[in-house]
Amino acid sequence: MKLDNLITIFLNNFFINDAEEIKVNIGRQSEEIENGTYDRKTRISKTVILTKEDMVNFIKKLCRENVEKSTFRIGTKEAEMLINAENIRYYQFHRNQTIFKVNNPAEKITYNVANISVEYFMNLLLNDSITEPSFIYIVRSAFFRIRSRRDGSIFVDEEENVLNTSGNNLKYHVIHKIFENYFVRKYLVLKLKFKNEMSLDKCKQHFLSYIFNLNLKGIKIRPSENAEDFFNIRNLNVKSYNKLSAELKAPYKAYSEDLIHLYSNAAWSDNPFTKYIMFYQILERYFTKIPEERMVDFVKDKFTNPKISFKDNKQVLDLCIAIGEKQKNNKKEQQQLLEVLKHFLSDFNSIISDLTPDQIHYYQNEVPSFIKSPDHNITFDLTTNNIKDTVVPIAYRIYIVRNALVHNKGNRDNNYDPTRDYSSLMKEVPLIKSIAEEIMIMDAKQL
């Protein structure tokens, strides 16, 4: 998202009803038990007036465009690493609370899980991958809490020493506290604090080792690949339920129950690994059936061909050799896949209609990041009329991606890393999904 757009959205949601300023009440909140129920007490010690200019200055001071948006932020004495920790994402943090804190006294390092810093949070929003709909998804709960205030004021629960500051310093601190309270509290990162200077590589290794120790204890945390993963928007569906409902059609075909189970699990999952393997298994269900049917048709054609004499030993031997070669090829998974695609894909019209122009361009010009050494060409033009030849690179692309997912031997070029290559694999899913759907529809019976 561009900085100007970011500022505009923040201003529109902070300064509601054409207001030119915000009243921020600073004080303390406490809960007391009266008659067996909790009663929240609020004591306001100071009120600060914030203008649009104050907000713009704050955002511009924190946000730096054209800066690499890394999964790490490292300073002189502390560092942060983006993680995905959905099972603890909504843990309620108060007053910079941390969890899973451990110390290494020998190296003077402290590890913990805590809220992302406001500085890191704001700069992540400037990623090109953060569109306006995804941005609204990220901050919608915060904006709802801000916009629902009845008297137009915001309350900041703050320490007493803040009251001793004044002017722009106080305003900056108050806005920073608002962002802490409303925006970053549900986004967790790993944090390191260290006494001695630490390189990025050393810092990264400490983070990864800490993640391993957390998972050993059943705390489900993994490194985030990028900002999309961190904010949980990389699989975000922006269509409304009303629009999706309007696109539904009544069913007229009966599908295999086994294939429905594979397809629904693939569609349900947000993990491209699961998606790809499930869709591949739909194709795999035909790996024996289609080659066998084609073999039977081949032999029947030879038996009924009036030009073949079964009294001619050479013709009989040639037929035996041809059957043997076909049978040998039919045992190879790559050849089985090719036979299935040839059988079902008489044209690419349905696949093209399922894909975006960017996706079609991608398959024609790019290969997955985790495929380093394809033995054959795996790019193809779906808009060609040369269906017969184009099916070959399609089959090989699907097959080599599948192998990269299920094999992970050392010193092997084509290995899939579930964190580093997640987005790259996501780009492969639309193709195999469309092919699996086409096969299921073509093979279905009338309902």
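**A chat about strands, helices and cysteines**

Student: Where does Phe100 lie?

Tutor: Phe100 lies in strand β5, which covers residues 99–104; helices (H or I, at least four residues) and strands (E, at least two) are DSSP runs, numbered from the N terminus. This is a predicted model, in which local features need pLDDT of at least 70 and side-chain atom pairs count only at pLDDT 80 or more, while totals for chains, interfaces and linings use all residues. Residues are numbered from 1 along each chain as its sequence is written, and side-chain values use heavy atoms, with hydrogens and water left out.

Student: What is phi of Phe100 near?

Tutor: Phi of Phe100 is near 55 degrees, a positive value in a residue other than glycine. Most residues other than glycine have a negative phi. Phe100 counts as partly exposed because its relative accessibility is 32%, where buried means under 20% relative accessible area, exposed over 50%, and partly exposed in between (1.4 Å probe, protein chains only).

Student: And where is Asn232 found?

Tutor: Asn232 sits in the loop between α7 (227–230) and α8 (241–246), and although it is not a glycine, it has a positive phi of about 60 degrees. Its relative accessibility is 25%, so Asn232 counts as partly exposed.

Student: Switching to β8, why is it largely enclosed?

Tutor: Strand β8 (residues 188–194) is largely enclosed by the rest of the structure because five of its seven residues are buried.

Student: Which sense does β8 pair in with strand β4?

Tutor: Strand β4 (residues 78–84) and β8 pair in the antiparallel sense over five bridges, where two strands pair if DSSP finds at least two bridges between them. Across that pairing, Met81 stands opposite Leu190 in β8.

Student: What about β6 and β8, over how many bridges do they pair?

Tutor: Strand β6 (residues 109–115) and β8 pair over seven bridges, again in the antiparallel sense, and the partner of Val113 in β8 is Leu190.

Student: Okay, cysteines now: how many disulfides does the count come to?

Tutor: The count comes to zero disulfides, taking a disulfide as a pair of cysteine sulfur atoms within 2.5 Å.

Student: Is Cys63 buried or exposed?

Tutor: Cys63 is buried, because its relative accessible area is 5%, and Cys203 is buried with a relative accessible area of 1%.

Student: Last one, which residues are buried in α13?

Tutor: In α13 (residues 333–344), the buried residues are Gln336, Leu337, Leu338, Glu339, Val340, Leu341 and Phe344.

Technical notes:
The expected span of a helix is 1.5 Å times one less than its number of residues.
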